[in-house]
Amino acid sequence: MRDFYGTSLPNGFMLGTAQYPSPAILADAFKRSGASVATVSLRRESGQDRAGQDFWELIRELNVHILPNTAGCHSAREAVTTAYMAREVFDTKWIKLEVIGEEDTLQPDVFGLVEAARILSEDGFQVFPYTTEDLVVADRLLNVGCEVLMPWGAPIGSGLGLNNVFGLRAMRAHFPDVPLVIDAGLGVPSQAAQAMELGYDAVLLNTAVAKAGDPAAMAEAFAKAIEAGTLATIADPMEQRDMAEPSTPVIGKAFLS
Amino acid sequence: MKLQLNGTAVETKASTLAALLDDEGFGGAKVATAVNSEFVPEGMRGCHTLYDGDRVEVLAPMQGG
């Protein structure tokens, strides 16, 4: 697996921390997932209940890499300010940069994304941009300092899987040395395996695990799919072909008709 | 003076951001702050003077995808 800004991860599983039925189930899901990265966010804190402090203790105990996001930001300026706040709170240069451009699909505003990525990269952030499979945008992101790309599989929370396999395969082929992560849209483990079989370095998902009937079991299922897909890629899959080719040798076949 | 703290109107006698956080129960908490949409680093809170009508945001770690 390719490094992420010099950090080598033990597997390609990045797991979100939102929407779990309880903190205990979240922790259990992480244990069974073996995920190496947890995504987190920032929200308004109350001086009375200080809910964020308990959550922070829970996350620290997971002992995984922390990837803060700028979820919910709709402009480069908003995302940049959020990134600065996240860097201070989580004490990491990593930032999952989201600049949302459209409400129904939560599609990234790629123009704002490139601008925010430029500002943050120049200031020392290590940006993980949530983007589309557009190769031109990807090139712009790399040019402004990104060393990782995170194209969407499908709209956030949709569970539709890999909507544009052609585009994602093209992205992998076009940027053979860049760490690539499928971020968002996965619903079931087979889609994660498919992503890894395309040669992607990791998948980032949340809803598919958190909203499963048994989140911890689903987390383990995704872990096995990611492992299978990774191993399959290393094993170098066969070439596809349109017509059949008998696998059993025809030489020596008896004449019985 | 009157401020907006996380979108809620508050009346305060705190003259700095650090004092406001102490008064509002954030003492020792792991939070990040912004005033009028500008990030204020932790080390600057003590000398960041507040003015009537300021919009103060206090954010903490939260679940995210």
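A:Glu88 is partly exposed, with a relative accessible area of 23% (partly exposed falls between buried, under 20%, and exposed, over 50%, using a 1.4 Å probe and protein chains only). Its side chain meets that of B:Arg45 in a salt bridge, 3.2 Å from N to O (a side-chain nitrogen of Lys or Arg within 4 Å of a carboxyl oxygen of Asp or Glu). This is a predicted model, where local features need pLDDT of at least 70 and side-chain atom pairs count only at pLDDT 80 or more, while totals for chains, interfaces and linings use all residues. Residues are numbered from 1 along each chain as its sequence is written, chains are lettered from A in the order in which they are written, and side-chain values use heavy atoms, leaving out hydrogens and water.

**Where the chains meet**
- In contact terms (heavy atoms within 4.5 Å), 29 residues of chain B touch 30 residues of chain A.
- About 2,500 Å² is buried between chain B and chain A, and carbon and sulfur atoms give 57% of that (the accessible area, 1.4 Å probe, that two parts lose on being put together, summed over both).
- The rule finds 3 salt bridges across this interface.
- Strands S3 (32-35), S4 (38-40) and S5 (55-63) of chain B each give two or more residues to the side that touches chain A (strands are DSSP runs of E, at least two residues, and helices are runs of H or I, at least four, numbered from the N terminus).
- S5(B) supplies the largest share of that side, 7 residues.

**Salt bridges inside chain A**
- A:Lys96 pairs with A:Asp183, with the closest N and O atoms 3.4 Å apart.
- That pair links distant parts of the chain, strand S4 (residues 94-97) and strand S9, 87 residues apart.
- A:Lys96 is buried at 3% relative accessible area, and A:Asp183 is buried at 3%.
- A:Lys224 and A:Glu220 form a salt bridge too, closest N and O atoms 3.4 Å apart.
- Both A:Lys224 and A:Glu220 sit in helix H9 (residues 215-234), 4 residues apart, about one turn of the helix.
- A:Lys224 is exposed at 52%, whereas A:Glu220 is partly exposed at 25%.

**Helix H6 of chain A**
- The buried residues of H6 (165-174) are A:Gly167, A:Leu168, A:Met171 and A:Arg172.
- The face turned away from the buried side carries exposed A:Phe166 and A:Ala173.
- The buried residues of H6(A) pack against helix H5 (135-143), strand S8 (150-151) and strand S9 (181-183) of chain A.
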